[in-house]
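Q: Could you walk me through reading a model like this one? I'd like the general idea each time, then the case at hand.

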Amino acid sequence: MPVFIKKVFAWGGLAFLIFFIAFRPDSAAHTFKTLGAGCMMILQGFGDFLTTLMT
């Protein structure tokens, strides 16, 4: 993929993120909270796996 297209998608994504946070702060907070909880569940799973592996 050409560099120009990657830059357009990156800047477009950043613009959408700013728009989403500015005009829908409650939805944005809920979305990021859900994503954070999902990441924590994944990391907890890795931690449990490594703990079980080491014992």
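Q: What does the accessible surface of the chain come to, and what percentage of it belongs to carbon and sulfur atoms?

A: First, a word on the source: this is a predicted model, where local features need pLDDT of at least 70, side-chain atom pairs count only at pLDDT 80 or more, and totals for chains, interfaces and linings use all residues. Residues are numbered from 1 along each chain as its sequence is written, and side-chain values use heavy atoms, with hydrogens and water left out. Accessible areas come from the Shrake-Rupley method with a 1.4 Å probe, and for residues only the protein chains shown count as cover. Here the accessible surface is about 5100 Å², and 78% of that belongs to carbon and sulfur atoms.

Q: How many helices and strands are in the chain?

A: Helices (H or I, at least four residues) and strands (E, at least two) are DSSP runs, numbered from the N terminus. This chain has two helices and zero strands. The helices are α1 (3–23) and α2 (25–54).

Q: What radius of gyration does the chain have, against a compact globule of 55 residues?

A: The radius is taken over C-alpha atoms, and the globule rule is 2.2 Å times the number of residues to the power 0.38. A compact globule of 55 residues would come out near 10 Å, but this chain has 18 Å. Along its principal axes, the C-alpha trace spans about 50 × 35 × 10 Å. Gly-45 lies in helix α2.

Q: What percentage of the residues in the chain is buried?

A: Buried means under 20% relative accessible area, exposed over 50%, and partly exposed in between (1.4 Å probe, protein chains only). Buried residues make up 2% of the 55. Gly-45, at 37% relative accessibility, counts as partly exposed.

Q: Which residues form the nonpolar patch on the surface?

A: Patches take residues with over 30% relative accessible area and no salt bridge; like charges are joined within 9 Å, nonpolar side chains (Val, Leu, Ile, Met, Phe, Trp, Tyr) within 5 Å. A salt bridge is a side-chain nitrogen of Lys or Arg within 4 Å of a carboxyl oxygen of Asp or Glu. Here you get Trp-11, Leu-14, Leu-17, Ile-18, Ile-21, Phe-32 and Leu-35, with about 700 Å² of accessible area together. Helix α1 gives the most, with five residues. Ile-18 is in helix α1, and it counts as exposed because its relative accessibility is 53%.

Q: How many aromatic pairs does a search of the whole structure find?

A: Rings of Phe, Tyr and Trp (its six-membered ring) pair if their centres lie within 6.5 Å; planes under 30 degrees apart count as stacked, over 60 as edge-to-face and the rest as tilted. The search finds two. Phe-16 and Phe-20 are stacked, 5.9 Å centre to centre with 10° between the planes. Phe-19 and Phe-23 are tilted, at 4.9 Å and 40°.
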